[in-house]
Amino acid sequence: RLLRWGVVVGVVFSAALYVTPAELLTNDGGVAAAADAELRRVVAPLQLLSSLVFVGDGVLQGSRDFRFEAVAVACSAAGAAAALLFDPNPDALSAAWDA
């Protein structure tokens, strides 16, 4: 039942971010222009996955499986660091979003 709630909330947040103009999130026009495409390309679609991970995180904490959670977080941090270090895209903002 919790995963269903996670899917519903993820879809709602994804839809909200997809229609939200980047100008609502920053006052800097250059940042808004650069972030607009990334918001729709990366952030909005990943909200569904993020909501499911949030539910899974709560389940792991509730079951007191902290060792598995620590290993999972370390692996995801290593993956993000590798994506930042080895991204062939020279644009720093796109590289950060891709990580």
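A residue is called buried here when its relative accessible area is under 20%, exposed when over 50% and partly exposed in between, with a 1.4 Å probe and protein chains only. The model is predicted, so local features need pLDDT of at least 70 and side-chain atom pairs count only at pLDDT 80 or more, whereas totals for chains, interfaces and linings use all residues. Residues are numbered from 1 along each chain as its sequence is written, and side-chain values use heavy atoms, with hydrogens and water left out.

Helix α1, taken as a DSSP run (H or I, at least four residues), has 18 residues and reaches 26 Å from its first C-alpha to its last, close to the 26 Å expected at 1.5 Å a residue. Its buried residues are Gly6, Gly10 and Ser14. Seen down the axis of α1, these fall within an arc of 65 degrees, so they line one face of the helix. The face turned away from that buried side carries the exposed residues Arg4, Trp5 and Val19.

The cover over the buried residues of α1 includes α2 (29-62). Serine 51 lies in α2 and touches Gly6, Val7 and Gly10 (heavy atoms within 4.5 Å), not counting residues up to four places away in sequence.

| Residue | Relative accessible area | State |
|---|---|---|
| Phenylalanine 13 | 48% | partly exposed |
| Serine 51 | 10% | buried |

Note on methods:
Helices (H or I, at least four residues) and strands (E, at least two) are DSSP runs, numbered from the N terminus. The expected span of a helix is 1.5 Å times one less than its number of residues. The arc is that of the directions from the helix axis to the C-beta atoms.
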